[in-house]
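Biologist: I'd like a close look at one part of this model, the bonded pairs and what sits around them. Take your time and keep it in plain words.

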Amino acid sequence: MSLIETRGAQMFPVLGAEQIATVMRFASCHERRFRPDEPVFDVGDHHAPVWVILDGAIEVVRRDGLGRENPITVHGSGQFTGEVSQLAGRGSLAAGKAGPEGCLAVPLDAAHLRALIIGSAELGETVMRALILRRVGLIEGGSAGSVLVGQIGESELVRLQGFLSRNGYPHTTIDAAGAGEGRAIVERLGLRIADLPLMICPVGTVLKRPSNAEAGVCLGMMPELDRSKIYDTVVVGAGPAGLATAVYAASEGLSVLVLDQRAFGGQAGASARIENYLGFPTGISGQALAGRAYNQAQKFGAEIAIPLAATQLDCRDREIKRLALTDGSSIQARTVVIAAGARYRRPIIDNLAEFEGNGISYWASPVEARLCEGEEVALVGGGNSAGQAVVFLAPKVKRLHLIIRRRDLEATMSRYLIERIAALPNVEIHPDSEVLSLDGTKETGLTGATFGNPANGVTHHRALRHLFLFIGAEPNTDWLQNCVGVDQAGFVKTGGALQEFAAASGDMPRTLETDRAGVFAIGDIRAGSTKRVAAAVGEGAAVVAQIHGYLADAARLRQA
Ligand SMILES: Cc1cc2nc3c(=O)[nH]c(=O)nc-3n(C[C@H](O)[C@H](O)[C@H](O)COP(=O)(O)OP(=O)(O)OC[C@H]3O[C@@H](n4cnc5c(N)ncnc54)[C@H](O)[C@@H]3O)c2cc1C
């Protein structure tokens, strides 16, 4: 059953007279009459408002990059247009025109829509739920958003698929091999294999082998940032720590900008199922949890810029901090929250780089699971993230070799995961082992792996096309260039870890503040942090109280 069939009433609610009266109080301007068949909004339009229909109808269609169009619904009197793009004025993913009788409708632009959702709790819930479900419907329903054309399983195509999926953007993929539609598109446009993958954006623009940043621009993902603005806080990283900061800071009235180089959710977004996060007894996928937090932060008015990375933090000026960005511009803030998390550790194997994204993965999302369905695979790592990936992948593959350095999993993995793995008949654990060599070329991708422990005389060779690596992480601190103090492993020191700084300066840093006043560090990047989603979220909430304290102190100093 489709989402419309199961949750149609929640996706397309009809507002009552009282709710319409509330809408009229929050409307961004007067109602407008549209003539029969007059276009109301189009795919790709930025700042398209949500239209609440007072009389008549608006017919809404989905359309993908190839111009394939399908009806979504006809909104009648008391219903409203829009999906989550409208919360932040991002490019529209659907098109709408007035029905044959025309229509009378009242607009809610992004700011007024957010004011209504926050200001009117019950109506806000109805509207927010409908907007989220409609985005899910667009993703599930196909023929909306971008069309990717490429060779299935090729690393650049997998990267683009991952980028769009992780950011919640609908897309369809067409295989360029064989005699089908993909081949016809490639020939029609006179392209070479080297030009693939192709991304045909919802508005029809064709990009050859686009970077994530180019894809983001084409989709209208980036908000228009006011570069002269001084934000109360800029958060680097939209993982659980950064998103929690955004929710608490924005809901408490601070102006907040969040940057992320890739996608919202960070490492947690790559987790197939988080089972130990408070309040979700049946578990929740990392992407679903992150998607909720992302929408919640936008609801409160946090600006979120993805994909955009900080390349340098200039913290010489005590009062105003400057961040250099990958697009060549910079942004200013009174406080900075470093929530840049960690990146996957890579084992030292000569030809490893040749297979990254081409057989070797550092996470196991549904995209990777589809690619290795029914095959023999290997996974390296003995921690909880490795355990979760095993539990997720094993039912989908023929055989899974779990390669661990220790003799058993007891010291490194939670008991519930050890028990689940023990119950999986197709998982073979290889203790005291590591990957010794990899077979294949850039062209063939990974074709085999040798693993084991030569010292014990136990080595195995298996023909396999997929190797998953879950061997820990290193802090994402390259861009900080010694601006703040770090520990021996490179994690950012804060509060308690800065005793010597406190003694020398007489200035006591707050518990989450670095040795630069007004620069905070939270989540996995912080020295001594607990590497858990809940800990990252807790620090995201706690840091906001410390930001308030810092801003109040700074204001007092300015007046003194
Ligand atoms: C596969 C997997 C499964 C896991 N499962 C669980 C679990 O079940 N339960 C649990 O509690 N924990 C789990 N964890 C751990 C948990 O995900 C992390 O502790 C948590 O995500 C840390 O959050 P964070 O916000 O500090 O950092 P991250 O999640 O690492 O997010 C940091 C973000 O910063 C961005 N970034 C980095 N540098 C820059 C820059 N210069 N500019 C802009 N953006 C930047 C990154 O792109 C990233 O999105 C799991 C981790 C993994 C990898």
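Modeller: A quick definition before anything else: a residue counts as buried when its relative accessible area is under 20%. Cys372 comes in at 0%, so this cysteine is buried. Keep in mind that you're looking at a predicted model.

Now for the bonded pairs. The structure holds two disulfides. Let's start with the one between Cys201 and Cys218, where the S to S distance is 2.0 Å. Its torsion about the S-S bond is about 125°, so this disulfide is right-handed. Cys201 sits in the loop between strand E8 (198-200) and strand E9 (206-208), while Cys218 belongs to helix H7 (residues 212-219), so the bond ties together parts that are 17 residues apart in sequence.

If you number the bonded cysteines in sequence order, the pairing reads 1-2, 3-4.

What about Cys103? This cysteine is in no disulfide, and the nearest cysteine sulfur, which belongs to Cys29, is 14 Å away. Cys103 has a relative accessible area of 1%, so it counts as buried.

With a relative accessibility of 17%, Thr477 counts as buried, because the cut-off is under 20%. Leaving out residues up to four places away in sequence, Thr477 touches Gly490, Val492 and Ile525. Take Val492: 15 residues separate it from Thr477 in sequence, and their C-alpha atoms are 8.0 Å apart in space.

Next, a sheet. Five strands make up an open sheet with parallel pairing, in the order E17-E24-E18-E19-E20. Its edge strands are E17 (360-361) and E20 (427-430), each of which pairs on one side only. Inside that order, E18 (residues 376-380) and E24 (residues 467-469) run parallel and are joined by three bridges. Look at Val380 and you'll find Leu469 of E24 standing opposite. Helix H12 (residues 384-393) lies across E18, E19 (399-403), E20 and E24, and runs at about 165° to E18.

To finish, here's a helix pair. H8 (residues 240-251) and H15 (residues 533-559) pack at an angle of about 35°, and their axes are 7 Å apart. Their crossing is right-handed. From H8, the contact uses Pro240, Ala241, Ala244, Thr245, Tyr248 and Ala249. From H15 come Val533, Ala536, Val537, Gly540, Ala541, Val543 and Val544. Sorted by class, that contact between H8 and H15 has eleven nonpolar residues, two polar ones and no charged ones.

Technical notes
Residues numbered from 1 in each chain as written. Predicted model: local features only at pLDDT ≥ 70, side-chain atom pairs only at ≥ 80, totals over all residues. Heavy atoms only, no water. Axes fitted to C-alpha atoms, helices over the stretch in contact; angles between N-to-C directions. Helix = DSSP H or I, 4+ residues; strand = E, 2+ residues; numbered from the N terminus. Left-handed = near helix turned anticlockwise from the far one by under 90°. Contact = heavy atoms within 4.5 Å. Nonpolar A, V, L, I, M, F, W, Y, C, P; charged D, E, K, R; others polar. Disulfide = S-S within 2.5 Å. Buried < 20%, exposed > 50% of the residue type's maximum accessible area, 1.4 Å probe, protein only. Pairing = 2+ DSSP bridges.
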